[in-house]
Amino acid sequence: MVYEVFRQERKGQPFQHAGSVTAPDESFAEVYAREQYGRRQESVALWLVPREALHQIADFPDEFEMKYRRVDGYSIKARLREARERAGTLEMAPGGAEAE
Amino acid sequence: MSERADLLLAIADDELFLGWRNSEWTGIAPFLEEDVAFSSIAQNEIGHARALYELAAAELGTTADELAFDRRPEEYRCAPLVQLRRLEWARTIARHWLYETADEIRLEALKASNDPEIAGIAAKMDREEAYHRMHAEMWIDRLLSSEEGRARLNEAVDELWPYALGVLDDELRPELRRRAEERLGRTLPDVEPVTRGVHEAELAELWEEMTMVRRSAPAGARW
Amino acid sequence: MDTRTQEFLEYVQSGGQVETTDWMPDEYRARLVKFIEMHGNSELMGVLPERDWILRAPTLQRKLALTAKIQDEVGHAQLIYRVVEDLGKPRTACLDDLVSGKAKFHNVFHYPTKTWGDVGVIAWLVDAAAIVSQKALLKCSYAPYARIMKKICWEESFHILHGRDVILALVTGTEEQFELVQEALDRWWEPLMHFHGNPIPAGEDPMYVWRIKSQANEDARQEFLDGYVPQIRELGLSIPDPALAKDDETGVWSYTEPDWEKLRAVVTGHGPASRERLGFRRLSREDVAWVERVVLAEAA
């Protein structure tokens, strides 16, 4: 059986996929993962998961470009300049009149 | 030589030779993951030997390497069990498990020693050996769960049993028997232990090979 | 070449990464398997010349370091064969092909190790040659392989240091110890010059075309010479090639052209120790065949 191994390098860090080991059962997998991914004290913790328990999703359609949910969905340069011009505050903006 | 040094050398020699024997599987173990795991066990054992030699060396006015390499074959105090050259996997596992079981009993006694250095090192060794025991138990479980595995294991254990008894002092042997029999679910043969003091023929051969590079330069040469 | 394959080629040539579940052209997959499998075989066969010396290591420290180094190599083989397995070729098939002589492994592992000097030279210089190639593989278009190369490179760094430490102890020791190193270097220089393969231009090397390799063979060799010839010479060791010289203007090393026919013969199993080593692997596999039966066969 293939077991996927996730390792945590230091406390507080996320668990990241490190690789996989083949083993007849969980107790062997534990020993083997411990050795392959921890014998140099390079990990503080490991997660072991049988491969069948993992499901990959890799398909994320965005047919209608719903960018309003992200930072790059906003372009405020032109409007900001207009607002500053109107308020007479263009020179005060960082970088002076040239700024956005 | 004091009793203390004698004791330290006996255990150190056990760990050194067993570590050596186990390291012989590096690269040729039954499968790759096991190869890596078993190699760590071998390294730990050599590491234990080194720590024990250092303790004895301080008392005897020498160095760990000199104790490990520069004695004559007849001066080593290891149990015959660890000297046997057994490149067959069932016997390797049997020896591994038998030794770890005996060693656990031995370490329990040492942890209670009123010599703080000995008690301290025994505690450290025991913490690492816990993983060795886990590994041995795992293999025993697996082998016992199939007919072929059980047959091979039992044959190997029966052959090594007299040697296993020889690892421990007289008063600790009944405990080894009790634990082994409970685990295997059967009685083990009533045999004469093969004790320390009389070396297997393999030891001299092993000593030749293990010291050949070291002896090729004058004493005190750096490597 | 059909459109889809052409697009794929352009994708990897512009730095695109491929995962296990992505579509890939048959040719790409086949070349990938062959290349990665050879790497796995090399790590596994590389263990054999070195493991005899675990027993003979002259101090406890060296014994531990050498065992750990070889353990790493076995661990690397495990990582590599896992990648091959996920590409469709089971580990047992790889091992079958290896012991039957069908599959190749790297040239350097076809040579005998004769002395403790060899142990130092291998750990230092052979591993150094390997790390030049391995660093280039960090950019392999096939991502699972690139990822394991990270772990492999990190672990190899201690091997080189260990090797160099062994060599330094010998070259600062007795006359005989110094000679041990020189003699080993004399024997290993040709295999080292062969290591990075014949100087095929990158554009003609299919491995480079598909961005499995990201460095031409000759560039790797030059990198190795640049890094290590000075290190070798500063110890007072001499390199057994009178033609070895660096052009100060171009920075290019010239050397006596290695015998490429000999390299081909070696990697197809005619090296001095090839048969013996494959025989040893075959036997040890047979010895433990029952373990696979009893232990692994029950795996779900």
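This passage describes a sheet and a helix of chain A, the contacts of chain B with its neighbours, and one helix pair of chain C.

The model is predicted; local features were taken at pLDDT of at least 70, side-chain atom pairs count only at pLDDT 80 or more, and totals for chains, interfaces and linings use all residues. Residues are numbered from 1 along each chain as its sequence is written, while chains are lettered from A and ligands numbered from 1 in the order in which they are written.

In chain A, three strands form an open, antiparallel sheet in the order β2-β1-β3. Strands here are DSSP runs of E with at least two residues, helices are runs of H or I with at least four, and both are numbered from the N terminus. Two strands pair if DSSP finds at least two bridges between them. Strands of a sheet pair through backbone hydrogen bonds, either parallel or antiparallel. The edge strands, β2 (16-22) and β3 (45-50) of chain A, each pair on one side only. Direction ignored, neighbouring strands are turned by 30° against each other on average; axes are lines fitted to C-alpha atoms, for helices over the stretch in contact, and angles run from 0 to 180 degrees between N-to-C directions.

Strand β1 (residues 2-8) of chain A is joined to β3(A) by six bridges, and six bridges also join β1(A) to β2(A). Within these pairings, Y3(A) is placed opposite V21(A) of β2(A), E4(A) opposite V49(A) of β3(A), and Q8(A) opposite A45(A) of β3(A). The covered face of β1(A) consists of Y3(A), V5(A) and R7(A), and the uncovered face of V2(A), E4(A), F6(A) and Q8(A).

Helix α1 (residues 26-38) of chain A packs on this sheet and touches β1, β2 and β3 of chain A; its direction makes about 135° with that of β3(A). The 13 residues of α1(A) reach 17 Å from the first C-alpha to the last, close to the 18 Å expected at 1.5 Å a residue; the expected span is 1.5 Å times one less than the number of residues. Among the buried residues of α1(A) are F28(A), V31(A), Y32(A) and Y37(A). A residue is buried if 20 or more other C-beta atoms, placed from the backbone, lie within 10 Å of its own, exposed if 12 or fewer, and partly exposed in between. The buried residues of α1(A) pack against β1, β2 and β3 of chain A, α2 and α6 of chain B, and α3 (60-86) of chain C.

Seven residues of chain B are in contact with eleven residues of chain A, contact requiring C-beta atoms, placed from the backbone, within 7 Å. On this side of chain B, α2 (32-60) and α6 (116-144) each supply at least two residues, and the largest share, four residues, comes from α2(B). Between chains B and C, 36 residues of chain B are in contact with 36 residues of chain C. The largest share of the side of chain B that touches chain C, ten residues, again comes from α2(B).

In chain C, the axes of helix α4 (residues 91-99) and helix α11 (residues 274-287) come within 9 Å and cross at roughly 135°. The two helices are therefore oblique to each other, given that angles under 35 degrees count as roughly parallel, over 145 as roughly antiparallel, 65 to 115 as roughly perpendicular and the rest as oblique. L95(C), L98(C) and V99(C) of α4(C) meet L278(C), R281(C), R282(C) and R285(C) of α11(C).

Technical notes: Two residues are in contact if their C-beta atoms, placed from the backbone, lie within 7 Å.
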